[in-house]
Amino acid sequence: MARTSWVGAALAEISGKEHTLVAFSDDMDGLRKVPLNMPAEALEPHLGKPLSRVPDPFGCHPSYAGHNNARLREMLDRFGFTYTFKSSHEQYTGGVFNEGLARILRHCEAVRQVILPTIREEKRKDWSPFFPICERCGRINGTRVTGYDVAKLSVTYVCEGEQAGALGDEPAADDETPARSGSRPGSAGCGYHGEVSIFDGHVKVGWKVDWALRWYALGVQYEMYGNDLIESAALSSKICKVISEGTSRGPVQSFYEMFLDEEGRKISKSVGRGLTVDSWLACAPAGSLLLFIFKDPRKAKKLSWDV
């Protein structure tokens, strides 16, 4: 957020034009595992459901996603960021993504041809950009599309469930590699066969397609990301060109290197390795942290107590 806001400020000074910094929450992703610092007994029954449909284990917000979104916004407000908050759940259910979803369905095979060479051969036959939410059990992880109806703008599906430890097209909580800790028993499918509209939150699309959809629907012009998402960004750019019918390849992009823990590993939010922002601020002013973030964004840096 800090780095992107600096780029926006520089562009505003150069051009005199206003810009909007968007903080986007992927809160329609399925709950794949229970983080180590969360109550397993409250969350495990809801594995596989969209985060926006998982009850808040603390009872203070309508959903687990609502709780986490509130924590995110409290942090951004505390540091004085000027931003517009958007959640995946609101964009899907509010119809903001509907036109883009229709374009993905119309160009489904072209989107598949972008993704198929990048996934294991045994997964290629059944891979779909769409992930329906099961009408019976409410799970999104483990539903498999069995057919497309372009005229009705709908898909048919079966709810098969997700094997323990399996990863679909979505990244893990903090990167695109399988998380190796926390409770992850998988989610059981209910076996339901159904047909749903692709509009208004009945389905979402997989990660790389979702990123392209967001760029297209929201008109994103600049995006920063960590170096672990370079390949995803390249594929999303190709998909954005497909669904925009050649009018856009997505935003101008820039990547940065990772912050590392004391052992030189990437900081993990789900495991809790590395130094938190609050820990830094208990010892030093915010300006020192901003300077640390500002310098050498293309250089991996340790963020630990030694720093």
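Trainee: Why is F292 called buried?

Mentor: Buried means under 20% relative accessible area, exposed over 50%, and partly exposed in between, with a 1.4 Å probe and protein chains only. F292 has a relative accessible area of 17%, so F292 is buried. This is a predicted model, where local features need pLDDT of at least 70, side-chain atom pairs count only at pLDDT 80 or more, and totals for chains, interfaces and linings use all residues. Residues are numbered from 1 along each chain as its sequence is written, and side-chain values use heavy atoms, with hydrogens and water left out.

Trainee: And what makes F259 partly exposed?

Mentor: The relative accessible area of F259 is 22%, and therefore F259 counts as partly exposed.

Trainee: Why is the pair of W211 and Y225 called edge-to-face?

Mentor: Rings of Phe, Tyr and Trp (its six-membered ring) pair if their centres lie within 6.5 Å; planes under 30 degrees apart are stacked, over 60 edge-to-face, and the rest tilted. A search of the whole structure gives nine such aromatic pairs. For W211 and Y225 the centres are 5.5 Å apart and the planes stand at 75°, so edge-to-face is the label. This pair links distant parts of the chain, with W211 in helix α8 and Y225 in strand β10 (residues 222-226), 14 residues apart. Both W211 and Y225 are buried. F259 and F292 form a stacked pair, with 5.9 Å between centres and 20° between planes.

Trainee: Which residues join W211 and Y225 in a cluster of ring pairs?

Mentor: W207 and W215 do; ring pairs link them with W211 and Y225.

Trainee: How do you know that the length of α8 agrees with its residue count?

Mentor: Helices (H or I, at least four residues) and strands (E, at least two) are DSSP runs, numbered from the N terminus. The expected span of a helix is 1.5 Å times one less than its number of residues. For the 12 residues of α8 (residues 207-218) that should be 16 Å, and the end C-alpha atoms are 16 Å apart, so the two agree. Of these 12 residues, 10 are buried, including R214.

Trainee: What makes R214 a charge over a ring?

Mentor: The rule asks for NZ of Lys or CZ of Arg within 6 Å of the ring centre and within 35 degrees of the ring normal. The charged end of R214 sits over the ring of F24, 3.8 Å from its centre. R3 likewise lies over the face of Y256, at 5.0 Å from the ring centre.
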